[in-house]
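Take a moment with the sequence and the model. Trace the chain from one end to the other before reading on.

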Amino acid sequence: MRPALALAAALVLASPAHAFRASNGMSVDPTGPDEVTVAFRSGRPATAYWCAAGDYFDRAENLARSTRLYRVSPPPRKQGQGITFSTDASKAAAKSGLTVFGSPDGTISIGHATSAFCNAEDVIPFGSDR
């Protein structure tokens, strides 16, 4: 089996069957009606997790891009842990881990998460060995 094919098969088998694959290749697992957990991925910056959560709520849930996105799991995360996000403000952690100018609560909209953090270098094309 070719290495790229073996890697793709391993990734599919390692992801839950109901996981959403974000545009940046990260796995997003819905954990409630307004909550998701973005699985840990070694070497990825926190912004990649925000991108994946925003992408899920945008494409899978079709929410308005103006909807606010809140980090549920408080920073810093432990080694090997993913990050949980919600669109419900009551679930928000005291800190978001982001410094956002113009946002007193440190949150961003789904549209901002996808447009600012899902940049070309984070996007992994289908069939990529990356």
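What percentage of the 130 residues in the protein chain is buried? Buried residues make up 38%. Keep in mind that this is a predicted model.

Start with the overall plan. The protein chain has three helices and six strands. Follow the sequence and the pattern reads α-β-β-β-α-β-β-β-α.

How far does the predictor trust its model? The average pLDDT of the protein chain is 79. A score of at least 70 is reached by 69% of the residues. Two stretches call for care. Residues 4-15 have a pLDDT below 50. In the model, this stretch makes six contacts beyond near neighbours in sequence. Residues 125-130 also have a pLDDT below 50. There, too, the model shows six contacts beyond near neighbours in sequence.

Next, find two helices. Helix α2 covers residues 46-60, and helix α3 covers residues 110-117. Their axes come within 8 Å. They cross at roughly 125°. Because of that angle, α2 counts as oblique to α3. The crossing of α2 past α3 is left-handed.

Which residues of α2 and α3 make the contact? From α2 come Thr47, Trp50, Cys51, Gly54, Asp55, Phe57 and Asp58. From α3 come Ile110, Ala113, Thr114 and Phe117. Sort the residues of this contact by type. Six are nonpolar, three are polar and two are charged.

Stay with α3 for a moment. Which of its residues are buried? They are Ile110, Gly111, Ala113, Thr114 and Phe117.

Finally, move to the loop between α2 and β4. Asparagine 62 lies there. Its backbone deserves a look. Asparagine 62 has a positive phi of about 55°, although it is not a glycine. Is asparagine 62 buried or exposed? The relative accessibility of asparagine 62 is 66%, so this residue counts as exposed. The cut-off for exposed is over 50%.

Find the left-handed crossing of α2 past α3. Last, pick out asparagine 62 in its loop between α2 and β4.

Note on methods. Residues numbered from 1 in each chain as written. Predicted model: local features only at pLDDT ≥ 70, side-chain atom pairs only at ≥ 80, totals over all residues. Heavy atoms only, no water. Axes fitted to C-alpha atoms, helices over the stretch in contact; angles between N-to-C directions. Helix = DSSP H or I, 4+ residues; strand = E, 2+ residues; numbered from the N terminus. Parallel < 35°, antiparallel > 145°, perpendicular 65-115°, else oblique. Left-handed = near helix turned anticlockwise from the far one by under 90°. Contact = heavy atoms within 4.5 Å. Nonpolar A, V, L, I, M, F, W, Y, C, P; charged D, E, K, R; others polar. Buried < 20%, exposed > 50% of the residue type's maximum accessible area, 1.4 Å probe, protein only. pLDDT = per-residue confidence, 0-100.
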